[in-house]
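Here are my notes on the model you sent over, as numbered points.

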Amino acid sequence: MPKFAANLTMLFNEVGFLDRFEAAADAGFKGVEYLFPYAFRKDELAEKLERFGLTQVLHNLPAGNWDSGERGIACDPSRVGEFQDGVGRAIEYAQALGCKQVNCLAGKTPAGVDAGRLRETFIENLRFAAGELKAAGIRLLVEPINTWDIPGFYLNRTAQAAEILEAVGSDNLFIQYDIYHAQRMEGELANTIKHYLPQIAHIQLADNPGRNEPGTGEINYRYLFDFIDRSGYDGWIGCEYKPAATTREGLGWIEALTR
Ligand SMILES: O=C(O)C(=O)CO
């Protein structure tokens, strides 16, 4: 049975964010993930995790001005200082929350920047972050994201991510494999998971089209959950989907697709 983590950015949005920890625990989740913890005090988040017996499975490095449309700054040569400051902030929160992995959003390709400089910036930022996080006992992940949800996003394919890992050369840098994004960009889900399994530290899910619950679209999650189980993957699977109705009404997929 996979270890499913509730993504509190997308799930239980029937209640305010700080009430989603209790809602997730009530629904049977033992782990949670969400985009960013930085708008909240570390102690108030840690208290929620403690009170409801939850593991903080993942959060992201600071990713620029999210509300203005930024989706990461890691490939932007004009933002290296801000990126490095963000690594320190992410470590502070991860340590306070007992979180053992953080994801680095590559960002949208900034206009007018040479492709070689973009790649060099991304690689050097990842090398810096992977080293700082390793010293803190925290893994660094990078996630390919599809180009429909975030047009212009710098990292889009699993093979591209693996090539970046190779170039960075850190033993503390891994792939965050989002099944939904992968389905949209490349398909080949089971074989890709199998091929890159040693480099995949976290998996996320949603169905396609719609980014709703597993079982609402084209992906054969019953097969994929069994395949992942048999593959020996022992990480978490983040439930990062938009509930088609209410979150609780939609949770029947867990029983239906894993028994
Ligand atoms: O948009 C996504 O899929 C993410 O996981 C962002 O962290």
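**Notes on the ligand site, pockets and backbone**

1. Let's begin with the ligand. One of its oxygen atoms has a polar side-chain atom of Asn60 at 3.0 Å. Keep in mind that this is a predicted model, so every distance here is computed from predicted coordinates.

2. For Glu143, an N or O atom of the side chain is 2.8 Å from an oxygen atom of the ligand. For Asp178, the distance from a polar side-chain atom to a ligand oxygen is 3.5 Å. How much of the ligand does the protein bury? On its own the ligand would expose 230 Å², and the protein buries 92% of that.

3. Now the whole shell. Around the ligand you'll find Leu35, Asn60, Asn103, Leu105, Glu143, Ile145, Gln176, Asp178, His181, Gln204, Arg211 and Glu240. Sorted by class, that shell has five polar, four charged and three nonpolar residues.

4. Where does the ligand sit? Its place is the largest pocket, which holds about 330 Å³ of space. That pocket is lined by 23 residues, and those closest to its centre are Leu35, Trp66, Ile150, Arg211 and Glu240. Leu35, Arg211 and Glu240 are also among the residues around the ligand.

5. What is the lining of the largest pocket made of? By class, it comes to eight nonpolar, eight polar and seven charged residues. Strand S3 (residues 55-60) supplies the largest share, with three residues.

6. Have a look at the second largest pocket too, with a volume of about 210 Å³. It has 17 lining residues, and Gln101, Arg139, Ala201, Gly235 and Trp236 are the ones nearest its centre. S3 and strand S7 (200-205) are the elements that give two or more residues to this lining. S3 turns up here again as the main contributor, giving three residues.

7. Which residues line the largest cavity? First, some context: the structure holds one cavity of 30 Å³ or more, and the volume of the largest cavity is about 40 Å³. Its lining consists of Pro144, Asn156, Arg157, Thr158, Tyr177, Asp178, His181, Ala182 and Glu186. Strand S6 (173-178) and helix H6 (179-185) are the elements that put two or more residues into it. By class, the cavity lining has three nonpolar, three polar and three charged residues.

8. Two residues link the cavity to the ligand. Asp178 and His181 are part of the cavity lining, and Asp178 and His181 are also listed around the ligand.

9. Last, the backbone. Most residues other than glycine have a negative phi, and most peptide bonds are trans. Against that background, the bond joining Asn208 and Pro209 is worth a look: it is a cis peptide bond, with omega about 0°. Pro209 is in the loop between S7 and helix H8 (221-231).

10. Which residue other than glycine has a positive phi? Glu188 does, with phi near 50°. You'll find Glu188 in the loop between H6 and helix H7 (189-196).

Definitions and conventions: Residues numbered from 1 in each chain as written. Predicted model: local features only at pLDDT ≥ 70, side-chain atom pairs only at ≥ 80, totals over all residues. Heavy atoms only, no water. 1 Å grid on protein atoms, 1.4 Å probe; cavity = no way out; pocket = protein on both sides within 12 Å on 5 of 7 lines; lining within 4 Å. Points joined across faces, edges and corners; volume = space filled by probe spheres on them. Helix = DSSP H or I, 4+ residues; strand = E, 2+ residues; numbered from the N terminus. Nonpolar A, V, L, I, M, F, W, Y, C, P; charged D, E, K, R; others polar. Near = heavy atom within 4 Å. Polar contact = N/O pair within 3.5 Å; in protein donor to acceptor, adjacent residues only side chain to side chain. Areas by Shrake-Rupley, 256 points an atom, 1.4 Å probe, with all protein chains shown as cover. Sits in = over half its atoms within 2 Å of the grid points.
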